[in-house]
Every structure is written in C-alpha cells, then in structure tokens.
Amino acid sequence: MSWSALATAPPQQATPVDPARPEATRTAYRDRLLALLPTDPRLICLDTDTGLFGPDQVAAAGRQYLDLGIAEHNLMGIAAGLAASGRMPFVNTMAAFAATRALEAVKIDIAYNALPVRIMATHGGLAAGHLGPTHQALEDLAVMRALPGMTVLVPADAAQAAAFVDRSLDLPGPLYVRLGRKATPALPPGTPPPVPGRAQTLRRGRDAVLAACGPYPVQACLAAAAELAVEGVECTVLNVHTLRPFDTAALVEAADHSGLVVTVEEHWRSGGLGGAVAEALAEAAPARVLRIGMPDTFTDTVGGHEHLLAHYGITPARVADTVRGALGLGPAPTTD
Amino acid sequence: MTAPTAVLPCSAEELAATARRVREHVVDMCAGPEGGHLGGAFSSTEILTALYFAVLNTDPADPADPDRDRFVLSKGHAAVGLYAVLAERGYLPTAELADYGRPGTRLMGHPVRAVPGVEMPTGSLGHGLALACGFALGQRLDGRSARSFVLMGDGELQEGSVWESAIAAASLRLDNLVAVIDRNGLQLTGPTDGKAPMEQLAERWRSFGWAVRETDGHDPAALVGHLGSAPWEPGRPSLLICRTVKGRGVPFLEGRPAAHYVTLSARNHARARAALRADSGTAARAATVTAGTVVAGRPA
C-alpha cells in the first residue's frame, strides 16, 4: 500500500491490548507478531540472542523464527536477502545496535534496496537504564530519519506498538520501530489507533503545542498540559509517533494558533523529533521551537529508566516550566 | 564428496573465448573517462564466466524467475567484469558497455540493481556473504532446489562481517550456498598477506564448518567442475578458494598492485588489446588439452 492510499484508509480495529494496564512495547510487539505469523507465510522473525522470545514463543513461531546469534551486521544482511526473496523479516535487536553497529548494512543492504525489513529496536532512548550508554540509544531517530525511504515509528504505548505491527504488513519499504524495555504507561482510554504518517492529536489548546514521541515524553506532555490548564494555559498535545515520513501539515496547523512548539523526546536534542519539527517549521511556517531532550552528554549516573528521565529533566514539570517561561509566565526557559 | 554428474553445456574452448571477449570489454571500459578496477576484474574473469555460462541456472529472458540461482558480487569493485559477463550472457547489449562511467547512464562504478542480472548492489566490502546467506535461506524455506553463490576478494576477508556470516552459514547448514574467494593476493596498496596474513586460509574456513576446496582460478574446466558439483558435503556450505593473478591477461599489469584501478591511455589500451590477442592463442591451446575432461552440473 502506498503512503497516499494509507492516508485515506479507514482506521483499523484496536488490537487486543488492555489499555488500562502498563505493558512494555516490546512484549506487545512480540505477542502481536506471534499472532500474525500463522496468518501470513511471508513473515519471519530473525533474532540476535535478545531473549525477547522465550522457549514457548520460539516453539510457537516454529519455522518462522530463527536466532542468528550475536551478529547484527549479519542479521541485517540476511534479512535483506530474505526480503529480496519475497519475505518480510521482523528483526530483533537493540536500538543502539541497529542504529550504529549495524548501520551500514541497514543503509546499503536494506534502505538502498527499499526492502521490506521491519527493524524492531528495543531499549530505545533511556530505556536501558542502569545498563548505561553502551545500551542506551539517544541517536537512533536522527540516524534512521536520515535514510531515504525508511519509515521511523515510535509507539507511545503497547497498544500502539501492536497496532504498528498490524499496519506494517501494508507499509512500503523498510521500517524502524523504536521500542522500550520495561512496562510503560498506556495512553488514555479511548485513544484511537495510530495511523502511520499522521501525528495524533491527544488534546487541543490555543496557547502552545507540546509535541512528543515515545511513552514517557507523551505522558509528560499530557501531565504538563493538565497542570497548565488549571492555570488557564491551554496546550495542544501531539503524539508524533511517525518521524518519517514527517507530518509537517499537522505541525503547521497546530503551530499556527500559538506560534510556540515545545518538543519532548528521549533523544539527544539534535536530529530527532526536535530536529524534525525545527526543520519542518523553519521551512513551512516559522514558529518558536523549544526542544527538551537528553543534554549533550552521555549518561554519567546510574539509575533506572524513570530515574534517568528525572535526572536529565525529561519531566512534566520541565515541560510546564518551559511553556510558562516562553509565555512570560515564569523564568525564561532553558533547554540545555 | 559428490561427483559431478552433468556435461558442461559449453566447451572449455568456448569459455576461454568468452573470457577473452570479457577482458576486451573491460579493457575498453577502463580506457573510458573514469577508468575502472581492472586488476580484480581480470583475476575473476574465468570465475564469473564459468558461473554465468556453465554453472548458474539463470535466464536473461526471465531474470526474475523465482527458481533461479542467485549470485552476489561481494567484491563489487569488479563491476566492470560483471557488466561485461552479463552483456556477453545477454542481460544487456554489449554496445551499452561503452556507457560505463559516463554521466546519465546506468553502468555505475559499483553494481546497481538497475542493471539487469544484478541481484544486489555491492561495493562496501563484507556485505555479500550475509546477502547470499539470506538468498540461500529463502530458497531453502521456499523448498526450492536453487543455489546461491557469492564472490569475495581475499582482501575483503579483513572485514569482520565476513566472519559473522561464515559462522551463520555453517550454523544454518546452508549447503545450497557456495562462496568463492578470488585469492589474487593483492589489495589496493600491496600484498594482502602484508596487511593481514591469511595463512592456512582453507583450514580457517574448515574450522568454521565449511567444505573447502582450492583450485586454479583461471582454469575454466576446474572451476566448472567444482562450482557445478557443490554442495560437496551434505549440510555444509561450500567454499572454493581460487588462486588467481591480479590483472591476468595483460603482462604489463599482471601481479601489480597498480592494476587495482587503471585508466588506460590510448597507447596502453592498444598494448592491452594486443596482449589479449596474443594470450588467446595460449589459452585456447590449454583449453583444448582439458576439454575432454570437463564436466559440471548439479548432484543427482
């Protein structure tokens, strides 16, 4: 299915993930893929000793699952060969390894050939927590967004991860899907399924636009918007789950009302969501863009996912203070 | 070890004659505006010719046949040789070879899929073996009897990704995979063994779980015999190490690192053409001697 056809396709049915229960996006992906494997002989899951699939899941997948061992370049090359033979490989690795160690194979073997490989990248952003900078991925969105033809998706909760697995069967070319590690909060009940390529409006307001990707940044924006609303400041909250192709129109429309956009992401502040928003608005409809993300450093403290988010200021309070400062209702904002 | 079973569809003399025409095309391309990777194309000329004319089950009239054998030129810089072989085999007009390296054409310095017969674009070294593993795995999953072939350079073996895939191919028991190493002993700036010694190369690959043979990489009959009869051991991928000479066929370039990339002047173009004409007589006589023993084909 082409991107233009997708834009007019009706939303698909919500996938059977309990929206009230926190769940990891990576296990939601795994479970949805396992359900789909018997329905589509094109599908095959290639693993790299990630442990995401336990013995029961490996047995259930049967011939449609292969663990190729700890060799991510080899993984991407084999996936490309299979995809060029008519299959649709879902490859499991960590975001850090997909976006850097295996990047040349992703670029040349997969993206250059526009092959339908689905790169399912766990431990995105700071999700690796105490495992440290070797396992954290704070550049993956910038890297993948730079590759022609690559679709870049960041589900904001488990249900969205499962929905993207469904939709991926119809998307053209390669996909990079950034997943997490541990359970993360679900979006509010009633949130409709995401449509790849179209930013999702979770709340509307005239004073500022809060644009985020990934579970915790989106939750931070929703919480900040609720807090600001009490003070009479109304924010639009956009879940920008697709970084490529980028929904410039949605950003332009939302920014048109307020002229202020705050981006929030688990990513170094260059090249990710903040970069995409700044690029799009600078060309289409200049607005003030303030980017909240990981400061220009490797993590230098031990802590779990949420601890690191708090430590580096990817929080509801930081989002709210940034809006207040930009609107002259508080100290001037800093994003470093 | 499985014995070859089928008769060569074209004679060793014909293969030698084809290889000579391929070298003439390459010399002509390397006299064009950009020059080309002549040395590695000439060390692999007989390998590519044997593959496309006597081993691979492929049809230029039906290049997308799902039952076809697959070939990946992992040493993508030998593109001029591949283009010449594909043209001789009928995938593109031989007249188009004059386009090589010229603006607006499709004959790029490294293979691109826009050229009929090219399965995968290559150029950065250390990619082809994984791609061929993917093709071989796909053929097996589909229940097809087809095979996948890949040609690597010996300098390329310095790339770590090669060894990732060497492990994977044996682990997956891909006996429909055949890898070939063009062991010309030279890389861009000097002898390969001077950069990274590869002693006991065959033993290294055997220790990874491969079935390994070695041969003269300029002997069409031997090449067809070995490549045609793979797999040599059930459950193991096959590796043919081909002893070759960089720049083979043009004496003033043979065995010289400078042959890696050349832009031939008009004078040297004429010298190279003359050398190939003189060499063809020698090659034809040698081929006649072995023609009666040449066999190839798939195991029964």
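1. Buried here means under 20% relative accessible area, exposed means over 50%, and partly exposed lies in between, using a 1.4 Å probe and protein chains only. By that rule A:Met294, at 1% relative accessibility, counts as buried.

2. A few ground rules before going on. This is a predicted model, so local features need pLDDT of at least 70 and side-chain atom pairs count only at pLDDT 80 or more, while totals for chains, interfaces and linings use all residues. Residues are numbered from 1 along each chain as its sequence is written, chains are lettered from A and ligands numbered from 1 in the order in which they are written, and side-chain values use heavy atoms, with hydrogens and water left out.

3. Back to A:Met294, which sits in strand 12 (residues 288–294) of chain A. Helices (H or I, at least four residues) and strands (E, at least two) are DSSP runs, numbered from the N terminus. What does A:Met294 touch, not counting residues up to four places away in sequence? The list is A:Leu126, A:Leu138, A:Glu265, A:His267, A:Trp268, A:Arg269, A:Thr299, A:Tyr312 and A:Ile314, where contact means heavy atoms within 4.5 Å. As for A:Ala225, 69 residues from A:Met294 along the chain, the two C-alpha atoms are separated by 21 Å.

4. A:Ala225 is one of the buried residues of helix 9 of chain A, and others include A:Tyr216, A:Cys221, A:Leu222 and A:Leu228. Just after helix 9 of chain A comes A:Gly232, with a positive phi of about 90°.

5. Now look at how helix 9 (residues 215–230) of chain A packs with helix 13 (residues 316–326) of chain A: the angle is about 50° and the axes are 8 Å apart. Axes are lines fitted to C-alpha atoms, for helices over the stretch in contact, and angles run from 0 to 180 degrees between N-to-C directions. The two helices are therefore oblique to each other. On that scale, angles under 35 degrees count as roughly parallel, over 145 as roughly antiparallel, 65 to 115 as roughly perpendicular and the rest as oblique.

6. Who meets whom there? From helix 9 of chain A come A:Ala220, A:Ala223, A:Ala224, A:Glu227 and A:Leu228, and from helix 13 of chain A come A:Pro316, A:Val319, A:Ala320, A:Val323 and A:Arg324. These contact residues divide into 8 nonpolar, no polar and 2 charged. For the tally, Ala, Val, Leu, Ile, Met, Phe, Trp, Tyr, Cys and Pro count as nonpolar, Asp, Glu, Lys and Arg as charged, and the others, Gly among them, as polar.

7. One helix pair joins the two chains. The axes of helix 4 (residues 72–83) of chain A and helix 6 of chain B come within 8 Å and cross at roughly 70°. That makes helix 4 of chain A roughly perpendicular to helix 6 of chain B. A:Glu72, A:His73, A:Asn74 and A:Ile78 meet B:Ser161, B:Glu164, B:Ser165 and B:Ala168.

8. In chain B, is helix 4 (residues 79–89) enclosed or open? With 10 of its 11 residues buried, helix 4 of chain B is largely enclosed by the rest of the structure. Its buried residues pack against helix 1 (12–30), helix 2 (38–43), helix 3 (45–55) and strand 2 (70–73) of chain B. B:Gly90 follows the helix, with a positive phi near 105°.

9. The peptide bond from A:Arg244 to A:Pro245 is cis, with omega near -5°, and so is the one from B:Ala230 to B:Pro231, with omega near 5°. B:Arg173 has a positive phi of about 55° although it is not a glycine, and B:Arg173 is exposed, with a relative accessible area of 53%. B:Gln200, also not a glycine, has a positive phi near 50° and counts as exposed at 62% relative accessibility.
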